[in-house]
Structure formats: C-alpha cells, structure tokens
Amino acid sequence: MLKVVGASWHKTRIGSYILIGALMLAVAALFLADMERPTYNGTYCATTYWARNSGYRLEFWGQRNDLDQVAKGVVRACFRDSILTNGWSQLELESQSSYTDTVQAYAAGIMEGALTWHNIYMHWSNTIDAVCSKDEESEEFCDWLRGLITTNVDTVKKMADMKGKHDYYWYQIALFYDQLDGLEIGFRKGVKRSRMDYEIPKQDFLLMNAAVDIRDLKIYYTNFLVENSGLKPDPAKGIMLLKLLKSPNGLSKILLGHTSDGSYSSMLRMVKKYTLRYHFAAESAPVAAPKKDVEDQDRYVVPGTNIVFTGYPGVLASLDDFYVINGRRQHRLVAAGVKMENEHVNLWRKIDLVRSVSLAPRVMAANRLGHSGRSWARYFSRNPSTGVKQWLVIDMSRFVGNNETEVELLTATPNSDVVDRTLEDNDITTTMEQYAAYDDEAQRVVTKRMEDYVDDDFKGQPSAIRQVRMVTVPKSSEEPVAAEVVAAGTGHAFGTGMFWVVDQLPGRLHAEDITEKIVSDGYWLTNGVPYFKEALNIGQANTNATNSTTTTMEKILQNITDLETLARFFRQSAYRGDLDQDEPAAFGNIDLKMYTETADGTVHFRAYSGPLYDPARGTTGQAAKRSIVKSEQLQQPVASSDPKSAEGKETTSTLSSTTVASHPFDWSRILPFEVRHQGHPDVWDFEHITPEWAWI
C-alpha cells in the first residue's frame, strides 16, 4: 500500500477503501446498464386496507405489470391514463365480499379518487367550473342547482338509511352515496400526496354525478323558475342500433352500436370495470372478515357484481348510458340508453325534486339487483323522475343458452331467509326464488296510477307537492297471455324477455318486452323519440311521420354484417355540431361503443373516443353507399301500447344529421368557441380500444 507523505497509515487506508468502493460502483453501473430494464405501460395500482381499530389505509404500489399479484385488501385498483394515446383512460376496481358493504363502497370510492384525482380535477374544470363561470345567468343557475342537489342528496340519504333496512333497492342507493363520499376523500388524499394545490367544492362532486339530471333540471328552471333566462338544454342526438344476423338455425349474431351525445369539453373519457361484491342487505353482509365458507357467503351477494361501462372521471355511473353486466349467477345483461325528447314540460310540475332519486344511483341499483331484462326494468321503474331517456336491455343468457342458461341461473338461489320485507304495494321481488316463480307466470302489460312511495313513512322534510306517478310495468296475471307475446321455442331461439325497451318521461315510465318485434324486424333503431305510443303521446314529441320506414331501413341495414360496417353506419349518421352550418357548437356525438356476441358465446367489445368522422369519405366506391344513408331519413317505428288502437299501424321518427365529416376533430379548428379542454389531445384521430381486464 502506498503511503502518502505526511499522512498516517490510518488515513491512507481509508482513502484506499474509498477508491476501491468507487471502482466497484463504476463496475456495477456498467453491469446494470447492460441489464434489460422492465418496461411498463403506465398502469398504476393501489390497495385499500381496513381494520376496525385503525380505519382505512392506502398502499400505493407504483407502476405494475403483474396485476394479478396486487394485494387484495378490501379493494384493489389499477389505473392507466392513455387519453393521449387512444382517447381513453382505464380503471379497474375489485372488492372482497368478506367485508361489510359500507366498507367496500367507501374503500372503492377512496381508491378511485386517489388514483384518478388529476383526471377528476381536469374534468371538473372543463365542465362544471367552466359552465358555471361562463356568465351571470349560468352562475345563478348553478347556485340554484347546488342548493337543490345538496338538499336532494341529504333527503335521499335519510330515506335510504331508513328504508334500506328492509328494502334491497334503497340499500343499494345508500351504497352509491357511500362510494361517492369515499371518492371525495380519495381525491383530496391524492391531491395532498402529489403536493398540488387543487380544490373542488364538495357540492360539485354531486353535480358531476348528476350531469344527466342537470339537462332535465335546466328545462324545469327555464320554464317554471326563470323564464327567458337564455339557457338552452342540450338537444338529444344519441343513436343506438341493434342488428340481428340470422342463420338457417336461427339467430347467429347480435350487433349493437351506441353513440353518446355531449359537449366536446367532456371528452376526458374513462372505461371502468367495477367488481363490487355487495350483498342484498346489511343483515346478509358479514360484520367483519370472518373465516367463513366462501361459497356459502357468496349466496348473499347481489347478481350484478361485475359492471363494465364507459364513463367519466369522478362519476360513479356511465352517464352516456352503456353497461355490460354480469356476475356469479352467470347472467349477462347489456343495458344502453339515449336521451329522449319531451315537449310536454308541464309534466315537471308534478315532480318533487327534493325527494326524487337521480339517474346515476337508480341505474346502478338496477344493474346490481336485476338478473334479467324484466327484473332490471322493474327495479329501474321505481321513482322515475329526472333522467328522461329510452333504454334497451338485452338478456344475453337467453341467446347463448337458448333459455337453458337462465333455468340454471334461477335454480341457483340465495338462502330463503334473505327476503325483502317491505310492505309497499308497488314493490318488486328481490330473491331468486321469487324471480323464478314470477317469471313462470303469464305476463301482460298494465298501467296503474299510484301515489309516490318515496313519501311513505318519511316525514323528514314535508313537501307541498304530492307526486302522482304513472308507471307501466309487467304484472302477474291469471289472464291469457296477449297474442303478440311469443312463447319459448315457437319459431326462434328465444322466449320472451330477450329484449326489453324502457321509455321514461318525467313521472312516467313504460317498460315492455318487445322480443317478438325485434326478432321479426331484424333490427331496432332509436334516436331519442319514444318507442311506445303511450309515451309518444304523453311526451308530445314531434316525429315528422312518413311512411317510408321499411324501404329506407332495408337499404340502410342490408350491408351491416360486422363491426366494421356497423361503425361505418354510425360514422355516416353521427351529429357533429362543429359542422352545423345553422348553429355551430362544440357539441355532438363524442364516442362509439360496439358490442357483438355470437351463438357460441364469443364476445367482442370496441370503443372509439372523440367526435365521429368517416375516413373513407370521398374514396372510390363509397359515395353510393353514403348517399343511401344521408339522402333519406333514418326512422324508428313507434309501437302502440294500446291494443285497440295499434292494429298494425306505426308512426315513425326521423334522425337528422349534419354533413358527414371526412377528417378527425381538431381543437385548433374551433378555437372561436372558447371551450375549455384541459388534458385533451389536440386531434382526435384514434383507433378503437378493446379493454383487457386483470381480475374476474
């Protein structure tokens, strides 16, 4: 060892050690540089734990590729923000049924808020904050809206706490708001963890989750509170098309396309999968995490545990109304809706806005409790107020299994001591045994008037308005089945119950099985005009009736045979407000969801984000096909719910459109609209995505 002149042997030894250590680090650095580093796709995961003594604890795992290895806890979640890559972000949540439902719901909200806080803030800034600060009239409307929705939510929470003890529907309503409370807390935890200075008022979390209801509340506000306010509700421009492809053995494929309408500022889109293993009631949920047989425990879990939907940051339901639902009982539903026109504004006078349940918790309760199209419609028929829409509910289990799957589903029932003890006259069955008995009976469609059950036994806040609802739902009857109802096995692969349509107006709802009609026609098209004659008359909708429906639709639909041709139909039919020559606006069809299923159970789901355009426009061979779509009106037959007046007659509704876009939407081209769009890509030119989920 070389000794430094004037230094001690001890100091020289230390210097040598430092030199050797530096050389070793350099060699290690060279070695690590040659190693292959793991690549990530931007998926961040976290887990929420809960203990009785310590409460909730979040554990963030950073970027992960091995999603199956993410610790379960109460709720685990993974989030990937790929808006700039494909127009969508993706969130997956999974809870464990061994925890109480309140803990599951609150933890799920915390997880979503903590992982997606930045997207939530940008979505709020682009929509609620931007609209409410637009001008003085908008500020006044938002102040009224915040006060109303806050009072409404407080009232509904009290009703849910009281009624949820003996009513499964209200129990699910309560869980929705538990999850929403957790979402706000999770958002604030995420902001604090990032050391950013973002703030969203508590009331605005309610507004984001009531976005669909706001359109209806604006109609109420402008007609009965502040006339000539200058505020205009958004038009109904959504489109939905169902196409059935027949083979010699019956139906072989189902094609469903759905496009939502909305402001271009709301295009921070997110596709979500909630796997929340809620129970029918608090009594059937475990008090803690017991060492209990899992199979026996799952008998108390609701049918619709797995819900995939397209939605928005900070919103616990779809709002653009597209759901794929399944669960442990092997039932599979697809529920999709579009906004519906209503010209009869006086219907709103009979609506008690303080006690009405908004659309988001209503539809999520139906998604979790309904096991068939009929049961979904019956749950959804409770408290029809805001959320004026038309829904199509498809029971896919009746397609693949030719009704055999459903028989197995109905025999796999929960314990018979799990019953709904409500005494309400208009209530619905809530156990699988009751479902089986109910569905075996002859069915017909009846209409009855009833006092609003929401006020029953609830005196918390007296109201000067006493609601009267008109709800049309299927009821049990000993009378013969109507002639138009098709029995199982008579001519096609399905019995009744495959396709249900629901028309909801303010305080009015008509739900009916129209399987025979759809199978006979081979398609079903809607653009927001009531399908049933009863709802059409009550809503006073303008249909611009013609008699060219059959010929027109045959021309339009003859070439739709797969997802590519279905997408072309929507691209050529979609509304683009930025191209509207009369009233240009940053509003229109902002996505496209397509679902197909074949008789062997093969399923494909695709989702496009952004205003639709036709890239093939102007190319050789396309002009003739486009002219068929654009030169004639797209129409939907309107069915009569009155057998005496139907007599085979149909009115039709038209589907208008602007010029077909040949180029993708570009924010730089509509800057004069001054629409806030934080976090958006500049050009919306994306291919479809097919979400892949990690957990069952």
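A salt bridge is a side-chain nitrogen of Lys or Arg within 4 Å of a carboxyl oxygen of Asp or Glu. The exercises below apply this to a predicted model.

**Exercise 1.** Decide whether arginine 277 and glutamate 94 form a salt bridge, and state which parts of the chain they tie together.

*Solution.* 
- The N to O distance between the two side chains is 3.3 Å, and they meet in a salt bridge.
- Arginine 277 sits in the loop between strand E8 (269-275) and helix H9 (294-298), while glutamate 94 belongs to strand E4 (residues 88-95), so the pair ties together parts 183 residues apart in sequence.
- Both arginine 277 and glutamate 94 are buried.

**Exercise 2.** Locate arginine 382 and aspartate 167, and classify each as buried or exposed.

*Solution.* 
- Their side chains form a salt bridge of 2.7 Å, N to O.
- Arginine 382 is in the loop between helix H11 (373-380) and strand E12 (389-395), and aspartate 167 is in the loop between H5 and helix H6 (168-194), so parts 215 residues apart in sequence are tied together.
- Buried means under 20% relative accessible area.
- Arginine 382 has 3% relative accessibility and therefore counts as buried.
- Aspartate 167, at 0%, also counts as buried.

Notes: Residues are numbered from 1 along each chain as its sequence is written. This is a predicted model: local features need pLDDT of at least 70, side-chain atom pairs count only at pLDDT 80 or more; totals for chains, interfaces and linings use all residues. Side-chain values use heavy atoms; hydrogens and water are left out. Helices (H or I, at least four residues) and strands (E, at least two) are DSSP runs, numbered from the N terminus. Buried means under 20% relative accessible area, exposed over 50%, partly exposed in between (1.4 Å probe, protein chains only).
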